[in-house]
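Hi everyone, thanks for coming. Let me put today's structure up on the screen, and then we'll walk through it together.

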Amino acid sequence: QAQLVASGGGLVQAGGSLRLSCVAFGTTFGLNTMGWYRQAPGKQRELVAFISRSGSTNYADYVKGRFTISRDNAKNTVYLQMNSLKPEDTAVYYCNKLPFGNWGQGTQVTVSS
């Protein structure tokens with residue numbers, strides 16, 4: 001059964017940066033389009049960015065130019081570089097394939113103003 005473990009979150013001031021990582025275990029990672037999702041308190045989970053197995057990327061409008069998704073298929077890992085962070089980016093961030101399967105451990109990102 002696939003297991004997804006995200007890490008790299010933390011507390012950062014507005015304008016700061018964080019790099020998230022997510023390792024996938026027990027899955028054919030290299031065959032899947034992978035995405036980063038987030039869920040803020042009281043809100044639905046939303047797709048932030050995704051990357052195809054060939055490396056094509058796509059971003060939600062509200063993170064374009066600030067976030068960069070990448071992947072290392074040899075390491076079964078997907079990354080999210082987040083720059084120019086805003087308080088509204090505060091959420092728990094998760095990785096998953098598209099369409100999503102079982103959810104794994106997320107990582108909390110908190111941006112202070």
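Before we start, one cut-off to keep in mind: a residue is called buried when its relative accessible area is under 20%, exposed when over 50%, and partly exposed in between. And please remember that this is a predicted model.

So, the overall picture. The protein chain has 10 strands and 0 helices. Its radius of gyration is 13 Å, close to the 13 Å that the globule rule gives for 113 residues, so the chain is as compact as a globular protein of that length. Along the principal axes, the C-alpha atoms fill a box of roughly 40 × 25 × 20 Å. Of the 113 residues, 38% count as buried.

On charge, we have 11 positive side chains and 5 negative ones, with the centres of the two sets 6 Å apart.

Searching the whole structure gives 4 aromatic pairs. One of them is Tyr-37 with Phe-100, edge-to-face, at 6.2 Å centre to centre and 90 degrees between the planes. This pair links distant parts of the chain: Tyr-37 sits in strand β4, Phe-100 in the loop between β9 and β10, 63 residues apart.

Phe-100, at 51%, counts as exposed.

Phe-100 also pairs with Trp-103, this time tilted, with 5.1 Å between centres and 35 degrees between planes. Trp-103 is partly exposed at 31%.

Methods. Residues are numbered from 1 along each chain as its sequence is written. This is a predicted model: local features need pLDDT of at least 70, side-chain atom pairs count only at pLDDT 80 or more; totals for chains, interfaces and linings use all residues. Side-chain values use heavy atoms; hydrogens and water are left out. Helices (H or I, at least four residues) and strands (E, at least two) are DSSP runs, numbered from the N terminus. The radius of gyration is taken over C-alpha atoms; the globule rule is 2.2 Å times the number of residues to the power 0.38. Buried means under 20% relative accessible area, exposed over 50%, partly exposed in between (1.4 Å probe, protein chains only). Lys and Arg count as positive and Asp and Glu as negative; His and the chain ends are not counted. The place of a charge is taken as NZ of Lys, CZ of Arg, CG of Asp or CD of Glu. Rings of Phe, Tyr and Trp (its six-membered ring) pair if their centres lie within 6.5 Å; planes under 30 degrees apart count as stacked, over 60 as edge-to-face and the rest as tilted.
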